[in-house]
Structures are given as structure tokens and as C-alpha cells.
Amino acid sequence: MRTLIIPGWRNSGPGHWQSLWESQLPDVTRVQQDDWVAPRRAAWLDTTVQAILARPDPVLLVAHSLGCIVVSHLPPEAQARVHGALLVAPADPERRAVLVDFAPVPHARLPFRSTLVASTNDPYCPVRLAGAYARAWGSQLVRLPEAGHINVESGHGAWPQGLELLRALETAPPRPIARPAPRGAELALAAR
């Protein structure tokens, strides 16, 4: 299964866990954006969608920071090709003017399995907001105490715990497709 690494604003440097995983994992590609400093949602989304649709088989997404928000904006045709997503330290695009083009953040349930990892002291996204994202997206929430932005600056190099979470997503069965309740069932519930 192809793993797509989706970095956040300003990309992930050489010591970042995303960069280390890129050099270690088999069949992995980093989504390269044209402008890492002044990101635009349409351009970032287009590049990410192209990377997903370039593969005939399902992909596993590994997103950090603003990359998590890009994943939340994916259109249905790209979502259908995703097996699962590890969403680490999501950004709050309303906190920084340079990221505001990514707001508002969609609060629709993702149709694939996802794990959202949040830190209790992330300077770029309060843990309560990260929890709200997880609930809205239907993601499993993993809270890390005092882990900063889960990057090099907060002491996260190879980050083996994250790799375990990724492997769990990779081996998990696809999320079942949610089907609406039959019309009669809705009426019966409403009558109670």
C-alpha cells in the first residue's frame, strides 16, 4: 500500500519524523507543494488529490499540522481511494493569517479510518479544538501530554509511537460504509 506523506506549512525538515519515515518506509511518497511559505488551499488540495488519484490502489495518508486540514478538505473521489489517515497535530488555520485560506475547517465525518494525535500543549492548536476535529471527523483521538507540536522542536525525531499508530491503521480493515436507515425506521423513531 502506498503511503503519502502530507507535510504542513513550511514542509517538514530533515530531522522531522515525516522525513525520517519517508527514508525508512517502503512505497512512500511526499506530497510536494509549489509554495510552502504562502499556502493556498486550492493549490495544496489539487496537488494532494493528484497524488492520491495517481495510484490505482488505496493509499495511507500521514499528515502533519496544515496537512491534516488538507485531508479534511479532500473531495469524495479522493476520499474513496484512502484506506486510512494518521492526522498529527492539526493546525488551527484561523490562528495565523497566512493559513486563513484553509478556513473554515470542514466538520464532516471522514469515510475512512483515521487516528488524530494531539498534544495537550500544542502552540498551534488547542487540544480542545483538536478533540472537536476528531469527533467531527470520526477519528480515534490519541492525546499526548506536553508534546508540543509533535515536531523536531518538541523533541520528536523518529517517533516510534507514531509509527505504531500508522501500522495499526495500515492493518485495520476498511471502515464500513455508513448506510442511511430505512425510511420506515426514521418515522418509527420520530413517533416515539
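How many bridges join strand E5 to E6? In this predicted model, the count is 5, and the two strands run parallel. Strand E5 covers residues 113-119, and within this pairing Val117 stands opposite Val142 of E6.

Let me place that pair in its sheet. The sheet is open and has 6 strands, in the order E2-E1-E3-E4-E5-E6, with parallel pairing. At its edges stand E2, residues 28-30, and E6, residues 140-144; each has a single partner strand, so one side of each is left without a neighbour in the sheet. On average, neighbouring strands are turned by 15° against each other, direction ignored.

I turn now to the helices. Helix H2, residues 41-53, lies across E1, E3 and E4 and runs at about 170° to E1. Helix H5, residues 127-137, packs on the sheet as well, touching E4, E5 and E6, and its direction makes about 175° with that of E5.

Finally, the salt bridges. A search of the whole structure finds 5. One of them links Arg30 and Glu22, with the closest N and O atoms 2.8 Å apart. Arg30 is buried, at 10% relative accessible area, whereas Glu22 is partly exposed at 27%.

Arg55 takes part in a salt bridge with Asp27, at 3.4 Å from N to O. Asp27 lies in the loop between H1 and E2, and Arg55 in the loop between H2 and E3, so the pair ties together parts that are 28 residues apart in sequence. Arg55 also meets Asp57, at 3.3 Å; Asp57 is partly exposed, with a relative accessible area of 24%. Through shared partners, salt bridges join Arg2, Asp27, Arg55 and Asp57 into one network.

Conventions:
Residues are numbered from 1 along each chain as its sequence is written. This is a predicted model: local features need pLDDT of at least 70, side-chain atom pairs count only at pLDDT 80 or more; totals for chains, interfaces and linings use all residues. Side-chain values use heavy atoms; hydrogens and water are left out. Two strands pair if DSSP finds at least two bridges between them. Helices (H or I, at least four residues) and strands (E, at least two) are DSSP runs, numbered from the N terminus. Axes are lines fitted to C-alpha atoms, for helices over the stretch in contact, and angles run from 0 to 180 degrees between N-to-C directions. Contact means heavy atoms within 4.5 Å. A salt bridge is a side-chain nitrogen of Lys or Arg within 4 Å of a carboxyl oxygen of Asp or Glu. Buried means under 20% relative accessible area, exposed over 50%, partly exposed in between (1.4 Å probe, protein chains only).
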